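Here's a quick briefing to read alongside the structure.

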Amino acid sequence: MDTEPQTPLRVLVADGRPARLEEITRAVASLGHEAIPRQGDLNGIGSITAAVRPDVAIVIVGDESVQALKLIGKIVHEASCPVIAILDVQDRTFIREAAKRGLFAYITGGDNLEELQSSIDIVLKRFAEYHDLEGAFSRRAVTERAKGILMERHGVDEQEAFSLLREQSRRTNRKIIDVAESVVASHTLLPRSERLSAGDVAHGPDDD
């Protein structure tokens, strides 16, 4: 098997006994990645994730599963990268709790280079898909808010409000989401009294 990755990654390797930390660090480096070993407290992990912004993090899970759970939660929050757990002990409760904190995958041992690289590839793909989905929900929420503003402002129904967004999109050669964001932003910037006045005017007989 060719274990050389197409693009070297920054891989944070965290926690574990010194010997295990060194072993997994060597395995990651042998795949062609930049391995960043870290053994220490949660504050130390926070500072390094902010500084190096790893692409992937690996947390070695031994007997200190509570510490590992805290590490996973902190890395997900601080680094915003996918996390893989290497399990030196089998603990189903840990896996469930780790998943709640954002764990993307787990493997046992970590000495199989093919399995390790495969896990890295999979979590990166899942992480990208997750953020694409999250972005889609966010875009939909903005569009729905913009439609609500237009419905109130112009006294139209939901379908007509969307037609207004679409027509403005075509007229200005902009994406619908960009038009929707402009509608929401302009509405947010107005003081409440002016929003109400704009709504009253919009409902008047001269409204177009």
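In this predicted model, Asp-15 touches Leu-21, Arg-38, Gln-39, Ile-60, Gln-67, Ala-68 and Leu-71, leaving aside residues up to four places away in sequence. Asp-15 itself sits in the loop that links β1 (10-14) to α1 (18-30).

**Asp-15 and its charge**
- Asp-15 is buried, yet it makes no salt bridge.
- For Asp-15, the nearest side chain of opposite charge belongs to Arg-17, and that one is 9.6 Å away, whereas a salt bridge needs a side-chain nitrogen of Lys or Arg within 4 Å of a carboxyl oxygen.
- Arg-38 is among the residues that Asp-15 touches, and Arg-38 also turns up in β2 as the bridge partner of Ala-14.

**β1 and β2**
- β1 pairs with β2 (residues 34-38) in the parallel sense, over 5 bridges.
- Going from β1 through α1 to β2, the chain makes a β-α-β crossover, and it's a right-handed one.
- Along this pair, Val-11 stands opposite Ala-35 of β2.

**The whole sheet**
- The sheet is open and has 5 strands, in the order β2-β1-β3-β4-β5, with parallel pairing.
- β2 and β5 (103-108) stand at the edges with a single partner strand each, so one side of each has no neighbour in the sheet.
- On average, neighbouring strands here are turned by 25 degrees against each other, direction ignored.

How values were computed
Residues are numbered from 1 along each chain as its sequence is written. This is a predicted model: local features need pLDDT of at least 70, side-chain atom pairs count only at pLDDT 80 or more; totals for chains, interfaces and linings use all residues. Side-chain values use heavy atoms; hydrogens and water are left out. Helices (H or I, at least four residues) and strands (E, at least two) are DSSP runs, numbered from the N terminus. Buried means under 20% relative accessible area, exposed over 50%, partly exposed in between (1.4 Å probe, protein chains only). Lys and Arg count as positive and Asp and Glu as negative; His and the chain ends are not counted. Contact means heavy atoms within 4.5 Å. Two strands pair if DSSP finds at least two bridges between them. A crossover is right-handed if, with the strands pointing away from the viewer, the path from the first strand over the helix to the second runs clockwise. Axes are lines fitted to C-alpha atoms, for helices over the stretch in contact, and angles run from 0 to 180 degrees between N-to-C directions.
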